[in-house]
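Trainee: Could we go through this model together? I would like to begin with the metal site.

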Amino acid sequence: MKTGMFVFAALATGTLAVFGTPFPNDSLGFTLHMATPATNSPEQMVSSAQMKAHSVMEKDGKTLVEWRGHPVCGDGFTVTAELTPTPEKDGWSYEFRYSGNESGLGIRLIDFPMLTVPRTDKTAIFYPQKCGQVRRPKWKDVKPGANVATAAAGGLHFMAALNGNDVSWYMDQRGDARLRPNWAIARNGKEPQTATLVFRYAPQLTDANLASGALPFGGTIRTFRGDWFAAAEIYRRWAWEQPWAKAAFARPQKEMRNIAIWFWNRGRVEDVELPVERFAELTGLPVALDWYWWHKIPYDVGYPFFWPPREGAEAFSAAVRRLVAKGIFVQPYTNGVSWDQVDPTWETEGTFDSIVEKNGTKKGHQYNVYMPSALAVMCGSAPHFHARMRELMKNLRGSGLPGVYMDQVGGCTVRTCWSPDHPHAPGGGTVITDGYRKLFSDIKADNPGFCISTEDTPEAYIDIVDSAINLWQNGERFGMPVQPEAETVPAFMAVYHGAMAVYGSYAVIDGIPPWDPTWPDRDRWPNEKPWEELYPDQYVLEFARGVAMGMQPMVHQLRMSHFDDPRYAGNFKFTVDTAKFYHANLDFLYDGTMCAPGRLLCARQPVELFIRGIYTKPEKARVVRHPSHPTILHSVWRAKDGRVAAVLCNWSRKEQVYDLATPDIAVAGILPARSWRIVVK
Ligand SMILES: [Zn+2]
């Protein structure tokens, strides 16, 4: 493989056939998805390969890659990628612009950079799916040009083709974190032994950017050596200097930092409250409650009308105040984006605020498989929705709650809106993100000191939300392929650990997902099995993974029966041990900066997970088998005072030998079954 310097020099000679022979002449390209602003407008794809002329020239120390003339956009249509060498000469900063478009069509999507790089059969792809994922495609089975990874890039804005110690490729977007929507796509290249990395951006369609315009941000393309963490370090060096990162890190995080474990409990006051209180008393640890199904409406039906509480405002408020008086942080579930199209208020209010798809529809999704509902996502411009949510938040704050969870905002607002009736131009841009940021800031202004939590780890909101739930370390639950083909990696934590609290896991001590009694009883599983016996490693593995990534521990649905029943004694003890371990090491696991994970030697073993969620009917449950899962989870951290620590967890039921070598620390030893260890240097 050739080096970045070679590539740059070759670019400057005027040809893009730079990576050896044979190699396509379009290693840097673009595709524009063009249409009129009207919904249902047919799309015209305009790609670099269709352009009539192509040149590469040097000017004032920059390289201008220019494409001119297109059958639809006119002979004067010019697209320019301006590349400036990085100070280290290992890549370029890029800018992108177009002019002379005579087609009358606007640009719905800009696919740029579209970078084709050499790959081997072992090349892995890092892409910004949620907190970060690495895919190791079976390239031989992938058709030329077919996608191997696609993400709505909400969490982070970089991707990479990873070749270990050989030359790896990295590209990012360096713009305002609010500039959405963005997607990241990796494909098998059209030529043999190549891969193509693509960023996709959705601008707004306005008269001002019809004939000419530009990507409203730049970015970098460069080579490096190393793994996903090395790529994250490149992005981190830039991200830490940005205003949203500085603002997020500078905040006081008193409530969030002092949480040893979260309980994701659902249902009635008695079922939810008592186990949390008992856990807090038993351990003396500060705990937090993420309270689902406190509301009168069934889950995922009738949104956004959460108020009143299921057992009345008085009982709800009394429970909240009891918990808060005991130092327990409580946040109730709300959905931050949805209006149910089945609710009568849809026609009088919700419909006006809904996102309109480019085909003109207002799409509703039925999450609840047991009851009719269709949850439509609200645009950023959504006065009725904002009014309803602000009213709800005042009721919640009035109940004594210190914070609220607003589902889906962090994970589902990478969208476009084509409404002809909203006061924004059709398309993407920042309108949706800006609207949700305004909703957050209005809620905070209405309710001083109120904490807001949302879903996933969204860069566009990290300076305004206090915490986020991240569940992608349990990717098997979302249908992710198993290792080594796919792996969730803590790239968000590598970049932004400590900027806000991140918690989460799907781990259920008895393996029985919660059931909302407002759902029809006929759909409830008639028989439960001893899941903790049948899948004896599932709870511990699912629970520990996030903690090993520097996330706050979370247990799903803690029940009173979990405290004393001998069947759950092992899982329960590990829960207590983990919460104590996490809380004793906040200087690393909350405040610390993630260091390179290095090389860990340990035994591997098969493990099976039973995949079943709240909406899984018995015939749809399935088993995911990892043929060879490492028995030790680990991460490395640097505390604010400079000390470095290796954090290790043996989730298996046998003691395990480990040998960890990283640039910052080297440790080896034997770790007892189901235990944590921290080694500080
Ligand atoms: Zn809109």
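**Zinc site and a sheet**

Mentor: The zinc ion has four protein donors, Cys379 (SG), Cys417 (SG), His422 (ND1) and His424 (NE2), at 2.0 to 2.3 Å from it. Donors are N, O and S atoms within 2.8 Å of the metal (3.2 Å for Na, K and Ca); water is not among the atoms, so sites may look incomplete. This is a predicted model: local features need pLDDT of at least 70, side-chain atom pairs count only at pLDDT 80 or more, and totals for chains, interfaces and linings use all residues. Residues are numbered from 1 along each chain as its sequence is written, and side-chain values use heavy atoms, with hydrogens and water left out.

Trainee: How are the donor residues spaced in sequence?

Mentor: The spacing is C-x37-C-x4-H-x1-H.

Trainee: And why is the arrangement tetrahedral?

Mentor: Because the four donor atoms subtend angles of 104 to 113° around the zinc ion; four donors count as tetrahedral if all angles lie between 85 and 135 degrees.

Trainee: Is Cys417 buried or exposed?

Mentor: Cys417 is buried, at 0% relative accessible area. His424 also counts as buried, at 12%. Buried means under 20% relative accessible area, exposed over 50%, partly exposed in between (1.4 Å probe, protein chains only).

Trainee: Now the sheet: what is the order of its three strands?

Mentor: The order is β30-β35-β36, in an open sheet with antiparallel pairing. Strands (E, at least two residues) are DSSP runs numbered from the N terminus, and two strands pair if DSSP finds at least two bridges between them.

Trainee: How many bridges join β35 to β36?

Mentor: Six. Leu660 stands opposite Val667 in β36.

Key: Helices (H or I, at least four residues) and strands (E, at least two) are DSSP runs, numbered from the N terminus. Four donors count as tetrahedral if all angles lie between 85 and 135 degrees; four count as square planar and six as octahedral if opposite donors are over 155 degrees apart and all others between 65 and 115; anything else is irregular.
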